[in-house]
Amino acid sequence: MISTQRMIPLATPNLQGREGELLAECISSTFVSSVGPFVDQFEAQIAELSGSSRAAVLCTGTVALQMALEGLGIGAGDLVLTPSLTFIATPNAVSHSGAQPWLVDVTDESWMVDLDLCRRLILAETVAGADGLRRHAQTGEVLRAIMPVMVMGAVADLDGVVALAREFGLKVVVDAAAAIGTTMADGRALAATGVDAVCYSFNGNKTITTGGGGAVAAADPELIARIKHLCSTGRVGANYDHDVIAYNFRMTNVQAALGVAQIERLPAFLDRKHQIRDRYAEFAAGHPALEAFPEPSFGENGHWFSGFWYTGADPDRPDAFRAHMRAEGIDLRPFWKPIHLQTPYLGALASEMPVSDALWQRIFPLPCSTHLTDGELDHVIAAAGRFWSGADA
Ligand SMILES: Cc1ncc(COP(=O)(O)O)c(C=O)c1O
């Protein structure tokens, strides 16, 4: 029998503002393709939000990461440090650029890349050459960059990342796919921290969406100019002259129109994300086997995803909880399976992974759409309560 009950989803778009009106403008103006006023406006808004001089909007977040790497000159023969606890788009972007990911574990306090471990690995496994580059002792690949991931939209220690990068001559590309609205603790925007590029995704499950889309923001306007050239077929001048094998990775005016309408409501979206986070954190605080997701002290978290994780000893409890919640009409799925366990990356360079291995199956991202009603939130929390009531349930 097919159930007609609607599952409460994890995160779906909130399109109740001026999205329809701005889309209609695209139709009436015929600006539906890769140039148009909304593209320019959205780029300016993302640059401002990120504390950068310019931004390039693109067709996906994965492409944004790839274009940032390629714009920085990273490619074949290069290595990029990335955490293993991430969505597969992070290492895929590295691979698409021609470079290889070097997978590193995360810390158990922040769930972000372990910078002390990175430092130990660099010192133990790379050799500095006369040209100033550090090569991996076994593969000969040049270590060129580090790509921290802002897990669930929370704040990575970007000052620590920049210090490490300066020590070893690395570029920094931040995978801030879900971190729109997140800032450093002292209020600095992410691109104002000395990193080379900050990359966002505007996929449908993100805090603001363009349907599908991404952006790179950077302090260096020349990097953005290179990315805009690379993502628009490497065309020079008005004729069919191209100076590089490039891509057609641009965002359309239709997607950007959605982005402009979404940004109008970003403050309200962030407020709702915070309220949802607080409800789940309050629930977890009352249950000994649960903890809210970490709140790294480095900044103000935009709380893209919120929920809690299981700290108890029974390995079967996480799957049992997921099954219980699905039976209650709540779409609770496993979180990211770490990259060192994914088929395409089984042979990648990787550190030991005790934290990622122990953690990923215990993480429960709960419904957090900005249009989630209080009634739905109450239902999710009551359903969780029915499972976790009891001693160390
Ligand atoms: C951490 C992370 N990086 C990169 C991406 C890729 O973004 P997109 O789906 O827009 O390509 C995502 C998307 O969910 C993500 O969560």
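# Domains, ligand shell and helix packing

The centres of domain 1 and domain 2, taken over C-alpha atoms, lie 25 Å apart. Domain 1 covers 19–264 and domain 2 covers 266–388, according to the domain assignment of the protein. This is a predicted model.

**Domain contact**

- Domain 1 puts 42 residues into the contact, and domain 2 puts in 33 residues.
- On the domain 1 side, the elements giving two or more residues are β3 (100–104), α5 (115–125), β8 (183–184) and α8.
- The biggest giver on that side is β3, with 5 residues.
- By class, the side of domain 1 that touches domain 2 holds 24 nonpolar, 13 polar and 5 charged residues.

**Ligand shell**

- The ligand is surrounded by 14 residues.
- Gly61, Thr62, Ala89, Ala177 and Ser201 are the closest.
- Two helices, α3 (61–71) and α4 (89–97), supply at least two residues each to this shell.
- The shell divides into 5 nonpolar, 8 polar and 1 charged residues.

**Helix α3 against α7**

- The crossing of α3 and α7 is right-handed.
- From α3, the contact uses Met67, Ala68, Glu70 and Gly71.
- From α7, it uses Leu223, Arg226, Ile227, Leu230 and Cys231.
- The contact of α3 with α7 counts 6 nonpolar, 1 polar and 2 charged residues.

**Helix α8 against α1**

- Helix α8 (residues 253–264) and helix α1 (residues 19–29) have axes that come within 8 Å and cross at roughly 150 degrees.
- An angle over 145 degrees counts as roughly antiparallel, so α1 and α8 run roughly antiparallel to each other.
- The handedness of the α1 and α8 crossing is right-handed.
- On α1, the contact residues are Glu19, Leu22, Leu23, Glu25 and Cys26.
- On α8, they are Asn253, Val254, Ala257, Leu258, Val260 and Ala261.
- This contact of α1 with α8 has 8 nonpolar, 1 polar and 2 charged residues.

**Helix α8 against α2**

- Helix α2 (residues 37–50) and α8 have axes that come within 8 Å and cross at roughly 45 degrees.
- That angle makes α2 oblique to α8.
- The crossing of α2 and α8 is left-handed.
- Phe38, Val39, Gln41, Phe42 and Gln45 form the α2 side.
- Asn253, Ala256, Ala257, Gly259, Val260 and Ile263 form the α8 side.
- The contact of α2 with α8 divides into 7 nonpolar and 4 polar residues, with no charged ones.

- Helix α8 gives two or more residues to the side of domain 1 that touches domain 2.
- Asn253, Ala257 and Val260 of α8 take part in the contact with α1 and also in the contact with α2.

Note on methods. Residues are numbered from 1 along each chain as its sequence is written. This is a predicted model: local features need pLDDT of at least 70, side-chain atom pairs count only at pLDDT 80 or more; totals for chains, interfaces and linings use all residues. Axes are lines fitted to C-alpha atoms, for helices over the stretch in contact, and angles run from 0 to 180 degrees between N-to-C directions. Helices (H or I, at least four residues) and strands (E, at least two) are DSSP runs, numbered from the N terminus. Angles under 35 degrees count as roughly parallel, over 145 as roughly antiparallel, 65 to 115 as roughly perpendicular and the rest as oblique. A crossing is left-handed if the near helix is turned anticlockwise from the far one by less than a right angle, and right-handed if clockwise. Two residues are in contact if their C-beta atoms, placed from the backbone, lie within 7 Å. Ala, Val, Leu, Ile, Met, Phe, Trp, Tyr, Cys and Pro count as nonpolar, Asp, Glu, Lys and Arg as charged, and the others, Gly among them, as polar. Domain bounds come from an automatic or database domain assignment. A residue is near a molecule or strand if its C-beta atom, placed from the backbone, lies within 6 Å of it.
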